[in-house]
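The stops below are meant to be selected one after another.

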Amino acid sequence: MFTPSLICLAWPKYPSTGNFGNRGRASNLIFATWEKSHALQDKFLSIPLTLFQFSVICGLMLCKGASLEEKGNGMKNVKLKVKGSLFFILWLFNVLGDYVSGGVSKRDSGFSRFTLSTFHLEVLTALKKRWYINGSLVLPSFVLREFNILMLAVWFMRAGTFHGNQLRISAGKWSPQDRALLAEAVSKVLGIETGVSRYYVVIKDRKAAIVKLLSYIIPSELHRLGKQIGRASCRERVYG
């Protein structure tokens, strides 16, 4: 286990940035204003998380590799555990800050070789009650009601890919009805036509979607938007 202190060299720590990857400073002001004006309107949102952190956790829960684990060892609350690639986990470490328990753990094998866990927190116990009903995972109504581009971006970084002139996000863990609701929520956020194809939510205009999403995708995940974007990101990181 190690504590990734060098992450500060890659992405400034929240709340100094309100978006992913140190781009699009205007969006910082947008989310700061949104948080001040809306955070207290819904009693559920008055939990001790920033709107940024709340949105990131919801985005994580939309795809595989993240779980709200049951209490244990005398703990009365639950914790968030996330598996993923190194740079994504390091970015997440920075986002969740003081909620992270210890550092980042390296697993023995597999693509998602790194894990991050939070402390057992009351706020996560409250979230778990919304995401799990009688032990079964459900899509909470508040996610659809409060769906924003941060939730979408985190979901896409975990489960998205490009396909021709489309972007696709894996939604296999959700029912056909839930996939349709998520597709509608994505369409409202992006202002772009969406649909459902088998186990995917489909964004039907890749170029238009890239314009909206690019500022919120960390460099290591830009390849999901397209080969040329991923290559340009690699050149930028190597040559400056």
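Buried means under 20% relative accessible area, exposed over 50%, and partly exposed in between, with a 1.4 Å probe and protein chains only. Select Lys64 to begin: at 69% relative accessibility, Lys64 counts as exposed. This is a predicted model, in which local features need pLDDT of at least 70 and side-chain atom pairs count only at pLDDT 80 or more, while totals for chains, interfaces and linings use all residues. Residues are numbered from 1 along each chain as its sequence is written, and side-chain values use heavy atoms, leaving out hydrogens and water.

Stay on Lys64, which lies in the loop between H2 and strand E1 (66–69). Helices (H or I, at least four residues) and strands (E, at least two) are DSSP runs numbered from the N terminus. Leaving aside neighbours within four places in sequence, Lys64 is in contact (heavy atoms within 4.5 Å) with Arg158 and Lys173.

Next, select helix H3, residues 86–96. Is H3 mostly covered or mostly uncovered? Nine of the 11 residues of H3 are buried, among them Phe88, Trp91 and Phe93. To see what covers the buried residues of H3, show helix H2 (51–61), strand E2 (79–84), strand E3 (100–106), strand E4 (114–118) and helix H6 (149–159), which are included in that cover.

Now move to the open sheet of four strands, in the order E7-E8-E10-E9 with antiparallel pairing. Its edge strands, E7 (160–163) and E9, each pair on one side only; two strands pair if DSSP finds at least two bridges between them. Neighbouring strands of this sheet are turned by 30° against each other on average, direction ignored. Zoom in on E8 (166–170) and E10 (200–203), antiparallel strands joined by four bridges. Ile169 stands opposite Val201 in E10.

Show the helices lying across this sheet. H6 lies across E7, E8 and E10, at about 85° to E8. H7 (176–190) lies across E9 and E10, at about 155° to E9. For these angles, axes are lines fitted to C-alpha atoms, for helices over the stretch in contact, and angles run from 0 to 180 degrees between N-to-C directions.

Finish at Thr194 in strand E9 (194–197). Thr194 counts as buried because its relative accessibility is 15%. A polar atom of the Thr194 side chain lies 2.6 Å from the backbone oxygen of Ala183.

Terms used. Polar contact = N/O pair within 3.5 Å; in protein donor to acceptor, adjacent residues only side chain to side chain.
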